[in-house]
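Subject: Handover of a structure and the findings from it

Dear colleague,

Please find the structure below, followed by an account of what was found in it. Kindly keep the model open while reading.

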Amino acid sequence: MGAPLGPRWGAGAASRRWLVLLPPLLLARPAGALVEGLYCGTRDCYEVLGVSRTAGKAEIARAYRQLARRYHPDRYRPEPGDEGPGRTPQSAEEAFLLVATAYETLKDEETRKDYDYMLDHPEEYYSHYYHYYSRRLAPKVDVRIVILFSVCAISLFQFFSWWNSYDKAIGYLATVPKYRIQAMEIAKQQGLLRKAKEKGRNKKSKEEIRDEEENIIKNIIKSKIDIKGGYQKPQIRDLLLFQILLAPLHLCSYIVWYCRWIYNFNIKGKEYGEEERLYIIRKSMKMSKSQFDSLEDHQKETFLKRELWIKENYEVYKQEQKEELKKKLANDPRWKRYRRWMKNEGPGRLTFVED
């Protein structure tokens, strides 16, 4: 072991060589304003890199590159006979990590400001911890970009999911005789199903002709039938991305519509039109607009004839629907079996098996 540092230290060649080779960053003085666990710990980051507090980015980067080359664990080779701290691969690795931490602290303007403030105001202990971990744990990517990417991904998933449901609905309708026959008649009238025998290389096989006819029938059904509800044709304006973009417009439209409603029907006492009556009925039934639009026209006419926008009439209709449902369930054999099972073997019944 070498002699301790001090005035009694010898002036021999070995001692002088040890002083030259001893890593200066490991001898950096502990500062009173520094805290273990923050930045460079109890070492001054400026002294670790061997620069002053007024050093620019270029000087800091140059000092970092020199020290990083010197203490890199894969390149570090101590000279034979050298002793003291920092002369083993383990201590060289620690020195390299300390250099890297000092450079990461001083290369960023905001982090460097926080570090300088900590050196100048050591008494604000908790504030230093807050600034250090708020920057350390902050996301590296802009949160707005993450949100935008997520919304776009959800919108794409919505579109392809809705389009898949729409294709399934069209495929089902193409198998229903009622719609298939009508579509085939329209195709014949337009000459789309005319099977002209082609000769030569353009001759089509039976499978190709069948697939082409099926596509023609599906396209006619798409053009003639307006599917509503959960299987309707997807619209770009219904996607989450466009709903968010158009949210301010929808909000303004709703405010204007609500003010007109209050003025026309609450203040002036006008009678409800057909659109307003259907709106009140839909709200009473607690149905979304797409669910209500999927109802048949004759059902809506029945609602209007029975004046269900009036609360008393709707309560009577609701009770009638409950009674009708009870009658259907009473005559349903599956419901009878279920009630019989609940009575004989359902939950809460104790049974004993004799040996």
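A residue is called buried when its relative accessible area is under 20%, exposed when that area is over 50%, and partly exposed in between, using a 1.4 Å probe and protein chains only. By this rule C252 is partly exposed, because its relative accessible area is 47%. C259 is likewise partly exposed, with 44% relative accessibility.

Please note that this is a predicted model, in which local features need pLDDT of at least 70 and side-chain atom pairs count only at pLDDT 80 or more, while totals for chains, interfaces and linings use all residues. Residues are numbered from 1 along each chain as its sequence is written, and side-chain values use heavy atoms, with hydrogens and water left out.

Disulfide

A disulfide is a pair of cysteine sulfur atoms within 2.5 Å. The count by this rule is 1 disulfide. The partners are C40 and C45, whose sulfur atoms lie 2.1 Å apart. Their link is right-handed, with 115 degrees about the S-S bond, and both C40 and C45 are buried.

Salt bridges

A salt bridge is counted when a side-chain nitrogen of Lys or Arg is within 4 Å of a carboxyl oxygen of Asp or Glu. The search of the whole structure gives 8 salt bridges. Several of them involve helices, which, like strands, are DSSP runs numbered from the N terminus (helices: H or I, at least four residues; strands: E, at least two).

E104 is partly exposed at 45% relative accessibility, and K107 is partly exposed at 37%.

Another salt bridge pairs R180 with E214, their closest N and O atoms being 3.0 Å apart. This pair links distant parts of the chain, since R180 is in helix α8 (residues 177-189) and E214 is in helix α9 (residues 206-224), 34 residues apart. R180 has a relative accessibility of 26% and therefore counts as partly exposed; E214, at 23%, counts as partly exposed too.

E320 and R306 also meet through their side chains in a salt bridge, at 2.8 Å from N to O. E320 lies in helix α15 (residues 311-331) and R306 in the loop between α14 (297-305) and α15, so the pair ties together parts that are 14 residues apart in sequence. Relative accessibility is 37% for E320, which is partly exposed, and 33% for R306, which is partly exposed as well.

Nonpolar cores

A nonpolar core is a set of buried Ala, Val, Leu, Ile, Met, Phe, Trp, Tyr and Cys residues joined through side-chain atoms within 4.5 Å. Which residues have the most contacts inside the largest core? They are L49 and Y115, in a core of 28 residues. At least two residues of this core come from each of α2 (45-49), α3 (57-71), α4 and α5 (109-120). The largest share, 8 residues, is supplied by α4. A second, separate core has 13 residues, including W261, F265, L295 and L308.

Yours sincerely,
A colleague
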